[in-house]
Amino acid sequence: ADGDIRHPQAVVALNRVPDRPLPGALLRLGGQVADNGIDVDGPWQAARDLLLRRAPRCGQGPGAPLRQPGEDDLEAACRLVSCLDRGTLAIQGPPGSGKTYTAAEMAVRLLDAGKRIGISATSHKVIENFLGKVFEAADRRGVDVRAVRKAGEDRSTLEDARLTVHNDNGKVQGALLSGECNLGAGTPWLWGREDFAGIVDVLFVDEAGQISLANVLAMGGATDSLVLMGDPQQLDQPLQGSHPPGADRSALAHLLGDEATMPADRGLFLEHTWRMHPALTEFTSTAFYEGRLESRGHLAVQALLGPEPIGGVGPRLLPADHAGSDNVSPEEARQVAALATTLVGSAATWIDQHSTERPIGWKEVLIVAPYNAQVGEIQRHLPAEARVGTVDKFQGQEAPISIYSMTSSSAEDAPRGMSFLYSRNRLNVASSRARCVAVVVASPQLLRVRARSVEDMRLANALCLYVEMAEARK
């Protein structure tokens, strides 16, 4: 009526993603456990194995390592997924280890064997990337792929005659059940539906180090077996708002427990990077992966042929003198921009993994900062084609040179505290984007940390180790 007074319900729009059908799926899992016990044969076996941190059911003896003597990463992964029997296979893929390539090869082997598979991930972009890799692997091996994906038209940019995109759950379900399609793709909201129970033989979950345990469990009813791909040592799952303790635990982090790398009897750790020069891998492996990560031999030829002080290979530290800077430092932004401009404008080149010398342009320099304000400040001094962003933007990407601007003048100045600025995950991602040289630009005060807890010491230790290795290479 004209006399109605319409009161606003919020200051800003609340664009919340509805949680249905995920809570219903968890209730069905809980009901299955309540009625039958957690450690029995039957539906939701892969999800229950994940909860119990069970080793995958691949025919190995109790406590036996999953990888056989002499097997490389790809051979082991394809063999294990081919014999996976109603369980969960976890694969931890450090930076540049070819995680998505490996997963695509695994998926194609299953499709070739007549299996019906599913793909899920945190975002439509990740799903689309995975699908593209599957099509490439299918082309290499001559395997028939007929894929259906749940997404709106605005979410799909991958064009391939083998892919059908529907924004209707029923059409996706019908395509899979009829045999019209042998591969389905969608977010957890698709696979958590009750009418999708048992619809695929194996469900691949990419970036499982960024998906909550609860969401992966909710998808468990759709499949006989789960394959979790990811790395909890890189970025955590994004969170908004307040949550009960433990809600931030990803599926892979749950499976790892207190371990930094996947135990040999519980899953597979991809042991070789196809990206980083051995001098960079040495830092990454020591700081984050218990010394288990190695470079492929041919990567040792990579090198930056550029101006001092950053020519060559390995980690570099450049001090930035400023005081009182929190989430933006104009002085450091100008220093970073000048460094990048000098690199691009000095006719510097780099030697790639095939021993080919290539010029350094803006595509070859990746600039990272922890805060959006610093990203904007750096970008202001550079051309539009410069690659500048937060760590989150560049996960999965690479360049010959990465530059990480730590921005804050001291630990006390850092917004959101040490846990954000000194995050081991962020330092791992920022430095491991590089093939040849990783540069950290930081105020010397950031190395003078007053650690007030064991966790503070652990956070600072990764940066201190980086500095030690950078100094040793001078």
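Phe269, Phe283, Phe288, Tyr289 and Tyr466 are linked by ring pairs into a cluster. The model is predicted, and the structure as a whole holds seven aromatic pairs. Take Phe283 and Tyr466 to begin with. Their pair is edge-to-face, with 5.2 Å from centre to centre and 85° between the planes. This pair links distant parts of the chain. Phe283 belongs to helix H10, residues 278-288, while Tyr466 belongs to helix H16, residues 454-472. The two residues are 183 residues apart. Phe283 has a relative accessible area of 2%, so it counts as buried. Tyr466 is buried too, at 0%.

Now turn to Phe288 and Tyr289. Their ring centres lie 6.5 Å apart and their planes meet at 70°, so this pair is edge-to-face. The reason is the angle: planes over 60 degrees apart count as edge-to-face. Phe288 is buried, with a relative accessible area of 2%. Tyr289 is buried as well, and its value is 0%.

Among the residues in contact with Asp231, beyond its neighbours within four places in sequence, is Tyr289. Asp231 is placed in the loop between strand E7 (223-230) and helix H9 (251-256).

One of its polar atoms lies 3.1 Å from the backbone nitrogen of Gln233. The side chain of Asp231 also makes a polar contact with the side chain of Gln234, at 3.0 Å. For a sense of distance, take Pro188. Asp231 and Pro188 are 43 residues apart along the chain, and their C-alpha atoms are separated by 19 Å.

Next comes strand E3, residues 147-150. Which of its faces are covered? Both are. Ala147 and Arg149 are on one side, Val148 and Lys150 are on the other, and all are buried.

Strand E3 has partners to follow. It is joined to strand E4, residues 163-166, by four bridges, and the two run parallel. Within that pairing, Arg149 stands opposite Val165 in E4. Three bridges join E3 to strand E5, residues 183-185, and these strands also run parallel. There, Leu183 in E5 is the bridge partner of Ala147.

Then look at the nonpolar interior. In soluble globular proteins, nonpolar side chains tend to be buried together. Here the largest nonpolar core has 75 residues. Trp191, Val205, Val216 and Leu228 have the most contacts inside it. Helix H16 gives the most to this core, with eight residues. H16 is also the helix that holds Tyr466. Another core lies apart from the largest one and has 40 residues. Among them are Ala107, Ala137, Met229 and Leu270.

One more ring deserves a look. Which charged end sits over the ring of Phe420? Arg416 supplies that charged end, 4.0 Å from the ring centre.

Technical notes:
Residues are numbered from 1 along each chain as its sequence is written. This is a predicted model: local features need pLDDT of at least 70, side-chain atom pairs count only at pLDDT 80 or more; totals for chains, interfaces and linings use all residues. Side-chain values use heavy atoms; hydrogens and water are left out. Rings of Phe, Tyr and Trp (its six-membered ring) pair if their centres lie within 6.5 Å; planes under 30 degrees apart count as stacked, over 60 as edge-to-face and the rest as tilted. Buried means under 20% relative accessible area, exposed over 50%, partly exposed in between (1.4 Å probe, protein chains only). A charge sits over a ring if NZ of Lys or CZ of Arg is within 6 Å of the ring centre and within 35 degrees of the ring normal. Two strands pair if DSSP finds at least two bridges between them. Contact means heavy atoms within 4.5 Å. A polar contact is a pair of N or O atoms within 3.5 Å; within protein, one must be able to donate a hydrogen and the other to accept it, and residues adjacent in sequence count only if both atoms are side-chain atoms. A nonpolar core is a set of buried Ala, Val, Leu, Ile, Met, Phe, Trp, Tyr and Cys residues joined through side-chain atoms within 4.5 Å.
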